[in-house]
Amino acid sequence: MHYHQYYPVDVINGPGTRATLFVSGCEHQCPGCYNQSTWRLDGGHPFDQGMSDRIIADLNDTRIKRRGLSLSGGDPLHPANVPHVLALVKRVRAECPGKDIWCWTGYLLGELSDAQRELVCLLDVLVDGKFEKGLADPGLLWRGSSNQQIHDLNAWREGGERIPCLVCS
């Protein structure tokens with residue numbers, strides 16, 4: 001996997017202060033996309049153990065209270081990216097307790113492959129749907145066009161036990 005950009009401190013891509021990784025590779029190539037430079041799978045920089053370690057360290061750095069990790073792109077759910085993003089998400093879950101994980105994808109929640117679903121089941125929020133230029137609205141929160149949906153994948157029981165989302169059941 002490659003990544004286009006990493007922001008250790010970001011206040012735009014999700015709630016609170018976050019770390020944001022823009023992965024490379026997008027097969028949707030939506031007209032009007034503002035991240036066209038992320039479309040090529042081999043664009044940007046190779047994602048390696050060092051970058052994974054840096055993300056974990058940044059999320060655990062107590063000098064900046066980060067709420068979580070945002071995954072954007074390109075498309076983190078591009079089939080070529082899924083194994084690498086899944087490994088990162090599993091690592092964040094294991095090593096960064098209390099951090100939420102948001103992900104943006106052009107794929108629709110109801111049309112995901114089994115591998116994509118495995119990854120999505122570890123997320124807190126998924127923003128799905130292709131960017132549609134004709135439905136673009138700069139006033140929308142955390143999405144570019146009105147067809148895109150924000151899915152809160154968390155459900156919690158009293159006492160803090162997570163209930164699996166409907167996608168995972």
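**Close-up views of a predicted model**

**View 1. At 27% relative accessibility, His-4 is classed as partly exposed.** Partly exposed here denotes the range between buried, which is under 20% relative accessible area, and exposed, which is over 50%, with a 1.4 Å probe and protein chains only. The model is a predicted one, in which local features need pLDDT of at least 70 and side-chain atom pairs count only at pLDDT 80 or more, while totals for chains, interfaces and linings use all residues. Residues are numbered from 1 along each chain as its sequence is written, and side-chain values use heavy atoms, with hydrogens and water left out. His-4 belongs to strand E1, where helices (H or I, at least four residues) and strands (E, at least two) are DSSP runs numbered from the N terminus. The side chain of His-4 makes a polar contact of 3.1 Å with the side chain of Ser-37; such a contact is a pair of N or O atoms within 3.5 Å, and within protein one atom must be able to donate a hydrogen and the other to accept it, residues adjacent in sequence counting only if both atoms are side-chain atoms. Once neighbours within four places in sequence are set aside, the residues in contact with His-4 (heavy atoms within 4.5 Å) are Phe-22, Val-23, Ser-24, Ser-37, Thr-38, Gly-44 and His-45. Ser-72 lies 68 residues from His-4 along the chain, and the C-alpha atoms of these two residues are separated by 9.8 Å.

**View 2. Seven strands make up an open sheet with mixed pairing, in the order E3-E1-E2-E4-E5-E6-E7.** The edges are taken by E3 and E7, each of which has a single partner strand, so that one side of each is left without a neighbour in the sheet. Two strands pair if DSSP finds at least two bridges between them, and E1 and E3 do so in the antiparallel sense over two bridges. His-2 stands opposite Pro-46, a residue of E3. Across E1, E2 and E4 lies helix H1, which runs at about 15 degrees to E1. H2 also packs on the sheet, where it touches E2, E4 and E5, and its direction makes about 170 degrees with that of E4; axes are lines fitted to C-alpha atoms, for helices over the stretch in contact, and angles run from 0 to 180 degrees between N-to-C directions.

**View 3. Helix H2 comprises 14 residues, 82-95.** From its first C-alpha to its last, H2 reaches 20 Å, close to the 20 Å expected at 1.5 Å a residue, the expected span being 1.5 Å times one less than the number of residues. Its buried residues are Val-82, Val-85, Leu-86, Leu-88, Val-89, Arg-91 and Val-92. The elements against which these buried residues pack are E2, H1, strand E4 (68-73), E5 and helix H3 (114-120).

**View 4. The whole structure contains four aromatic pairs, among them that of Tyr-3 and Phe-47.** Rings of Phe, Tyr and Trp (its six-membered ring) pair if their centres lie within 6.5 Å, and planes under 30 degrees apart count as stacked, over 60 as edge-to-face and the rest as tilted. Tyr-3 and Phe-47 are edge-to-face, at 6.2 Å centre to centre and with 90 degrees between the planes. Because Tyr-3 lies in strand E1 (residues 2-10) and Phe-47 in the loop between strand E3 (45-46) and helix H1 (49-60), the pair ties together parts that are 44 residues apart in sequence. Both Tyr-3 and Phe-47 are buried.

**View 5. Trp-102 and Trp-142 form an edge-to-face aromatic pair, 4.9 Å centre to centre and with 75 degrees between the planes.** Trp-102 lies in strand E5 (residues 100-104) and Trp-142 in the loop between strand E6 (125-128) and strand E7 (149-152), so this pair ties together parts that are 40 residues apart in sequence. Trp-102 is buried at 6% relative accessibility, whereas Trp-142 is partly exposed at 25%. Together with Trp-104, these two residues form one aromatic cluster. The phi of Trp-142 is near 65 degrees, a positive value in a residue other than glycine. Most residues other than glycine have a negative phi.

**View 6. Asn-13 is found in the loop between E1 and strand E2 (18-23).** Asn-13 counts as buried at 13% relative accessibility, and its side chain is joined to that of Asp-10 by a polar contact of 2.6 Å. With neighbours within four places in sequence left aside, Asn-13 is in contact with Arg-18, Thr-20, Phe-22, Ser-70, Trp-104 and Trp-142.

**View 7. Gln-29, although not a glycine, has a positive phi of about 45 degrees.** The residue is placed in the loop between E2 and E3, and Gln-29 is partly exposed, with a relative accessible area of 41%.
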